[in-house]
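Let's take a walk through this protein together. Have a look at the sequence and the 3D view, and then we'll go from the whole chain down to single residues.

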Amino acid sequence: MPNEPSREDRLIGLATEARKKAIAPYSNFHVGAALLTTDGLTFSGCNVENASYSLTMCAERVALLKALSEGHRNFEMVCVVGQGERITTPCGPCRQLLWEFCGNIPVVMATVDGKRATTTLGTLLPNAFDSSFLGK
Ligand code: THU
């Protein structure tokens with residue numbers, strides 16, 4: 001029997017699929033993301049751009065907001081698949097929001113042609129401001 005795909009492979013596959021739905025006519029930079037919950041469910045997203053530019057929503061935030069709005073609050077891993085040869089890292093606002101709701105989870109980053117790297121949110125956002133500063 002073939003081996004089960006790893007969680008990383010599963011998320012990369014889902015993010016790669018989600019990336020195909022990217023709405024990015026302004027940047028032409030297509031991104032997909034996938035998030036794994038602690039109960040094994042997955043949520044994916046793509047970037048969605050808009051003529052006002054500043055209302056652009058990154059793939060990671062789309063995946064996160066989909067999961068949160070469906071009632072899921074515990075996450076194990078996030079994955080982002082970007083464009084080109086260089087591995088895409090999550091932008092600053094996405095790091096902040098992912099930190100708020102996911103904490104120090106692994107971040108898998110891959111290119112469409114198979115390059116990959118894994119880090120953690122804590123590495124990407126050291127000394128994060130979060131609810132602990134507000135006594136929460
Ligand atoms: N983008 C993402 O969706 N995720 C990232 O991690 C980096 C950037 C999107 C936002 C915008 O639509 C396009 O990529 C170019 O910045």
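**Charges, fold and salt bridges**

Start with the charges: the protein chain carries 13 positive and 13 negative ones, and their mean positions are 3 Å apart. In this tally Lys and Arg are positive, Asp and Glu are negative, and His and the chain ends are not counted. The place of each charge is taken as NZ of Lys, CZ of Arg, CG of Asp or CD of Glu.

Before going on, a word about where this comes from: it's a predicted model, where local features need pLDDT of at least 70 and side-chain atom pairs count only at pLDDT 80 or more, while totals for chains, interfaces and linings use all residues. Residues are numbered from 1 along each chain as its sequence is written, and side-chain values use heavy atoms, with hydrogens and water left out.

Now for the fold. You'll find four helices and five strands in the protein chain, and from the N terminus they run α-β-β-α-β-α-β-β-α. The radius of gyration (taken over C-alpha atoms) is 15 Å, close to the 14 Å that the globule rule gives for 136 residues, so the chain is as compact as a globular protein of that length. That rule is 2.2 Å times the number of residues to the power 0.38. As for the elements, helices (H or I, at least four residues) and strands (E, at least two) are DSSP runs, numbered from the N terminus. Along the principal axes, the C-alpha atoms fill a box of roughly 50 × 45 × 30 Å.

What about inside and outside? Of the 136 residues, 40% are buried; buried means under 20% relative accessible area, exposed over 50%, and partly exposed in between (1.4 Å probe, protein chains only). The chain exposes about 7600 Å², with carbon and sulfur atoms supplying 54% of it. Such areas come from the Shrake-Rupley method with a 1.4 Å probe, and for residues only the protein chains shown count as cover. A contact means heavy atoms within 4.5 Å, and among contacts with a separation of 6 or more, 61% are between residues 24 or more positions apart.

Next, zoom in on the salt bridges, meaning a side-chain nitrogen of Lys or Arg within 4 Å of a carboxyl oxygen of Asp or Glu. How many are there by this rule? The count comes to three. One of them pairs R7 with E76, with the closest N and O atoms 2.4 Å apart. This pair ties together distant parts of the chain, with R7 in helix α1 (residues 7–19) and E76 in strand β3 (residues 75–82), 69 residues apart. R7 is partly exposed at 38% relative accessible area, and E76 is partly exposed at 27%.

Another bridge joins R116 and D9, whose closest N and O atoms are 2.6 Å apart. Here, too, distant parts of the chain are linked: R116 sits in strand β5 (residues 116–120) and D9 in helix α1, 107 residues apart. Then there's E17 with K20, at 2.6 Å from N to O. E17 is partly exposed at 41%, whereas K20 is exposed at 59%.

Finally, find H30 in the loop between α1 and β1 (32–37). H30 is partly exposed, at 26% relative accessible area. The residues that H30 touches, leaving aside those up to four places away in sequence, include R19, N47 and V81. Its C-alpha atom is 9.2 Å from that of V48, 18 residues apart along the chain.
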